[in-house]
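You asked for a careful reading of this two-chain model before the next discussion. The points below are set out one by one, so that each can be checked against the display.

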Amino acid sequence: MTEAVGDQGSGISHGPGEERQAATSSAQPPETGPLTRPQPGRLPGTQPRTPLQLAWRQLRRHRLALLGGVVLVIFYVMALVADFLAPYPLDFSDRERFYHPPAALHLRDATGEWHLRPFVYATRLVDPGLRTFEADRSRAYPVRFFVRGEPYRLLWLVPTRVHLFGVDDPARIFLMGSDGFGRDVFTRIVYGSRISLIVGLLVVAVTIPIGMVYGGIAGYFGGRVDNLMMRVAEVIIAFPSFYLLLTLSAVLPATVGCATRFYLIIVILSSIGWAGFARLIRGYVLALKQFEFVLAAKAMGQGDLRIILRHVLPNTSSLVIIVATLTIPSAILGESALSFLGLGVREPCSSWGNLLSAGANLINLSRSPWLLIPGLFIVATVVAFNFLGDGLRDALDPRMRTG
Amino acid sequence: MLQLIPMLLGITVMSFVIIQLSPGDFLAEIRLNPIVSQETVDRMRTNFGLDQPLHVQYLRWLTNIVRGDFGYSFAYQVPVLWLVRSRLFNTLLLNIIALIVAWAIGIPIGIHAATHQYSWSDNLLSLFSYVGISTPTFFSGLLLLFVAFKTGWLPIGGMTSLDYDLFPWYGKAFDVARHLVIPVMVLGVLAVAGLTRQMRANLLEVLRQDYVKTARAKGLAERVVVNKHAVRNAINPLITIFGFELGGLLSGSAILEVVIGWPGLGQLILDAVVRKDLYVVMGSLVIGGVTLVLGNLIADILLAYSDPRIRYD
């Protein structure tokens, strides 16, 4: 077997082809030399650029990567200040407005008068079967900003009641409609971002140290140790990852709260994800250990573990950054898939995956298509991570540098 | 080749261990049923060998697998292999067609993108492939179902229409083909997106090589340079992907099958996982793992065959 088995189900991140690319690039000597190497043609007096500056310079040229970065910053800020952005509390439900379509924002009222502020009308359920609502045009409810509402702690610290926007009762501002329990979809998406977005980060935070140490040890020692360690990792890689995900999630106890479940899902995603990453690191370390600096460290009498941790692994940093950026979206996809199937994060918690599952039947699909909106957030996040990951790959790979 | 044996053993051990980790078993549900007497439960335990120590259970299961017996489904009361076989055709049909479509479209698009680097069509295609690889199949499946519902052009979900049995054979084939459009599109887009990106990157790499310069320098037409010299070398690395997709023929469409109600293996395993149908889950895990391993083996052989630079010890 060569390094052919890859991670599936996620469909993204480090597919086999890309691993191959990473493997070929590992033949290239990593940047280990002194940072102040003189460069020909440089003007006297100018400072040489550090590798980080060079990478940043290259990244700035990759417009899509920047776009991805900006989108991600917006999303993560959204997750941080979810309670401020959301007009309603997470468990709020309006018993009279199930499957309410997205709020229509108006500027011109029934009398033909123009308003400066967008406003909504209060609505009333007309036909529960067809899910039609009728607007009461007699009174306009302007959208107010920085309104007082449900108390919460901003960033878990500052107690406040101010929310970004809202309308007066009895009108509702369901920006993206409401679900079958009369809950605001936008609110649940905003809160759901906390779970969906953090999953990727936590999974990477777990898999990277494990994968680095495991792959580092296997690659550094080589021979029998390597053989044994890689066989173990390959067994995990050998399973279709979605099957494995499914089976492992069935192992989870059904009765635990949703926070516990969330952490268990991270454990599952990590226990599948570390293996592919370890193999990647191992391939890189196999090439790295041929370099003189490893030999020098050995000659100085340093211990193996110290050499691995202090000299070999730091040299894998650019690979690690790239792979991490591309692993996050696959973890996000894994969590959404599980939650979508009802095996991941469950009600009453919200994640983009379990929100989307509300739209997964024909009646809802046909009559309340806004229930599919959470899927757009998943796609946008994953696209953004892929943009950023590719940009980083170009920026951190010296061969790709232009000018 | 011999390395495969510990790997396959590892696959079975892991499948077994995961299932043992699971709290409660299939009988737990039956036990709660007041109609079923304790004696029946005990008899089922003995019949299924659930009262034996773990290693005995494992060895018994393993020897049976080697003989081609994957055990018995608790839920359906039929052998696992029989159950799998009944779904196998549907899943293979879907995945093979999607595979063919994807390669027929993906490779030419990749070549076009590489030979027209940074043109508007290249940029558009690369945007498309970014979105393609980033869209989970359960979402794109739902979107297409939504479109199908709104337009009424295509049947919504499933594999056959209600009146399928009344059709003559060509009507049946046409009916299934109509039902195939949505899932093939979903899987196809995903695969095309990946293939295009890979093909484009490979071809760009090859086009920078010296022998391409040589070919151009000796006055060959650009078409010949690309098709005869560059593409052949650029396709080689894709064989790995091909093997990978071959291995994923049984498992690649799992979530999508659940979403659109395609009666394939994906639905079967989800159902079995939810119902804790022990042997079905273990069997599916083993079959899924083994096909993936075999797919990669085939890829390695093909790769060694097509590229003389690659030799395995």
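How far does helix 4 of chain B reach from its first C-alpha to its last, and what span is expected at 1.5 Å a residue?

1. Helix 4 of chain B, which covers residues 54–66 and so has 13 residues by the record of the model's elements, reaches 18 Å from its first C-alpha to its last, close to the expected 18 Å at 1.5 Å a residue. Just after this helix, Gly68(B) takes a positive phi of about 90°.2. The model is predicted, and its confidence should be kept in view throughout. The predictor gives the complex an ipTM of 0.84 and a pTM of 0.83. Chain A has an average pLDDT of 79, with 87% of its residues scoring at least 70, while chain B has a mean pLDDT of 83, with 94% of its residues at 70 or more.

2. Within chain A, the element with the lowest mean pLDDT is helix 1 (residues 16–25), at 40, and the one with the highest is helix 5 (residues 185–221), at 91. The pLDDT stays below 50 over residues 1–35 of chain A, although this stretch makes 92 contacts in the model beyond near neighbours in sequence. In chain B the lowest mean pLDDT among the elements, 66, belongs to helix 2 (residues 26–32), and the highest, 89, to helix 5.

3. As to overall make-up, chain A holds 14 helices and 5 strands, whereas chain B holds 14 helices and 0 strands. Of the 403 residues of chain A, 47% count as buried; in chain B, buried residues make up 42% of 313. The C-alpha trace of chain B spans about 85 × 55 × 35 Å along its principal axes.

4. The contacts within each chain can be read by separation in sequence. In chain A, residues 24 or more positions apart account for 71% of the contacts with a separation of 6 or more. In chain B, 73% of the contacts between residues at least 6 apart in sequence join residues at least 24 apart.

5. How do helix 5 and helix 8 of chain B pack, in terms of angle and axis distance? Helix 5 (residues 80–115) and helix 8 (residues 169–207) of chain B pack at an angle of about 35°, and their axes are 6 Å apart. The crossing of helix 5 of chain B past helix 8 of chain B is right-handed. Counted by class, this contact has 23 nonpolar, 5 polar and 1 charged residues.

6. The contact between the two chains takes 47 residues from chain A and 52 residues from chain B. On the side of chain A that touches chain B, the elements that give two or more residues are helix 1, helix 6 (223–238), helix 7 (241–251), helix 11 (317–340), helix 13 (362–367) and helix 14 (373–396) of chain A. By class, this side of chain A has 32 nonpolar, 12 polar and 3 charged residues.

7. Is Glu335(A) buried or exposed? Glu335(A), which is found in helix 11 of chain A, is buried, because 31 other C-beta atoms lie within 10 Å, against a threshold of 20 or more. Apart from its neighbours within four places in sequence, Glu335(A) is in contact with Ser196(A), Val199(A), Ile265(A), Leu269(A), Gly344(A), Ser351(A) and Gly353(A). Asp184(A) is 151 residues away from Glu335(A) along the chain, and the C-alpha atoms of these two residues are separated by 22 Å.

8. Two tyrosines deserve a look at the backbone. Tyr99(A) has a positive phi of about 50° although it is not a glycine, and Tyr99(A) is found in the loop between helix 4 (82–85) and strand 1 (106–108) of chain A. Tyr99(A) counts as buried because it has 23 C-beta neighbours inside 10 Å, where 20 or more are required.

9. Tyr118(B) is likewise a residue other than glycine with a positive phi, in this case near 65°. Tyr118(B) lies in the loop between helix 5 and helix 6 (120–134) of chain B. Tyr118(B) is exposed, because 9 other C-beta atoms lie within 10 Å and a residue with 12 or fewer is counted as exposed.

Conventions
Residues are numbered from 1 along each chain as its sequence is written. Chains are lettered from A and ligands numbered from 1 in the order in which they are written. This is a predicted model: local features need pLDDT of at least 70, side-chain atom pairs count only at pLDDT 80 or more; totals for chains, interfaces and linings use all residues. pLDDT is the predictor's confidence in each residue, from 0 to 100. Helices (H or I, at least four residues) and strands (E, at least two) are DSSP runs, numbered from the N terminus. Two residues are in contact if their C-beta atoms, placed from the backbone, lie within 7 Å. Axes are lines fitted to C-alpha atoms, for helices over the stretch in contact, and angles run from 0 to 180 degrees between N-to-C directions. A crossing is left-handed if the near helix is turned anticlockwise from the far one by less than a right angle, and right-handed if clockwise. Ala, Val, Leu, Ile, Met, Phe, Trp, Tyr, Cys and Pro count as nonpolar, Asp, Glu, Lys and Arg as charged, and the others, Gly among them, as polar. The expected span of a helix is 1.5 Å times one less than its number of residues.
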